[in-house]
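Please look through the structure below with the sequence at hand.

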Amino acid sequence: MSEDFPNAALIDGAGLRFGIVAARFNQRHVDDLLVQALDALDRAGVAAEDIETVRVPGSQEVPYAAAMLAKTYEFDCIIALGIVIAGGTSHHEIIAECTAQALQRVAIDTEIPVINGIVTVNNEAQAVERSAGPTGRGRAFGEAALQMADVKRRLVGRLDEIDAIRAAEAAQWGAGDEEPPSPEDPWKL
């Protein structure tokens, strides 16, 4: 397991809003992830009232709730938390792969970043190692959420500026003294 975590210490979380979806299956471990993620957000100055946590039965249900939270457009980032422990079949691999793809699709479709905090492990000892103590991943998920919320706000601001410029240009050409230059004809002035 890599411990090369990015440094999110410089991000001011005041005013940022987060949705968290946490699975109840393997709840002891998921609760450890949740506590660490909340601590990372708190240390960055995120107000408790700017965090909404939704519990779902298991990791398989996490993407649905993440999509519903993202579609409210009330959050700067969504954190998805779950622990999938390998059993006697390959079911854990199916859950890990389909939830990862679904969470990525939620982020792309809604333009709301989603942190995939569904941890897949081979046994109970790995679940403890990755959910609790100094190597617990919850802190990293919280810090990644802070960074992606900051990235989202900056890029949305930039896209808003571009939209405003385009709207002003469209209004100018819509007033209509001249025909706007065609993008297909670069020589026309």
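**Salt bridges, sheet and helix packing**

Asp-150 and Arg-154 lie four residues apart in helix H5 (residues 138–175), so about one helical turn separates them. In this predicted model, their side chains meet in a salt bridge, with 3.3 Å from N to O. Asp-150 is partly exposed at 29% relative accessibility, whereas Arg-154 is exposed, with a relative accessible area of 52%.

The sheet comes next. It is open and has four strands in the order E2-E1-E3-E4, paired in parallel. Strand E2 (51–56) and strand E4 (114–121) are at the edges with a single partner strand each, so one side of each has no neighbour in the sheet. On average, and ignoring direction, neighbouring strands are turned by 15° against each other. Strands of a sheet pair through backbone hydrogen bonds, either parallel or antiparallel. Here strand E3 (residues 77–85) runs parallel to E4 and is joined to it by eight bridges. Gly-82 has Ile-118 in E4 as its bridge partner.

Helix H2 (residues 62–70) packs on this sheet and touches strand E1 (18–23), E2, E3 and E4. The direction of H2 makes about 165° with that of E1. Seven of the nine residues of H2 are buried, so the helix is largely enclosed by the rest of the structure. Among the buried residues are Val-62, Pro-63 and Leu-69, along with Ala-65 and Ala-66. The buried residues of H2 pack against E1, E2, E3 and E4, and also against helix H3 (91–110).

The cysteines can be treated briefly. The structure holds zero disulfides. Cys-77 is buried, with a relative accessible area of 0%, while Cys-98 is partly exposed at 28% relative accessibility.

Back to the charged pairs: the structure holds ten salt bridges. Side chains of opposite charge can pair when their charged atoms come close. Arg-17 and Asp-50 form a salt bridge through their side chains, at 3.4 Å from N to O. This pair links distant parts of the chain, 33 residues apart: Arg-17 is in the segment before E1, and Asp-50 is in the loop between helix H1 (27–43) and E2. Arg-17 is partly exposed at 24% relative accessibility, but Asp-50, at 17%, counts as buried because the cut-off is under 20%.

Glu-129 forms a salt bridge with Arg-130, with 3.7 Å between the closest N and O atoms. Glu-129 is partly exposed, with a relative accessible area of 36%, and Arg-130 is buried at 16% relative accessibility. Finally, a network of salt bridges links Asp-76, Lys-152 and Arg-153.

Technical notes:
Residues are numbered from 1 along each chain as its sequence is written. This is a predicted model: local features need pLDDT of at least 70, side-chain atom pairs count only at pLDDT 80 or more; totals for chains, interfaces and linings use all residues. Side-chain values use heavy atoms; hydrogens and water are left out. Two strands pair if DSSP finds at least two bridges between them. Helices (H or I, at least four residues) and strands (E, at least two) are DSSP runs, numbered from the N terminus. Axes are lines fitted to C-alpha atoms, for helices over the stretch in contact, and angles run from 0 to 180 degrees between N-to-C directions. Contact means heavy atoms within 4.5 Å. Buried means under 20% relative accessible area, exposed over 50%, partly exposed in between (1.4 Å probe, protein chains only). A disulfide is a pair of cysteine sulfur atoms within 2.5 Å. A salt bridge is a side-chain nitrogen of Lys or Arg within 4 Å of a carboxyl oxygen of Asp or Glu.
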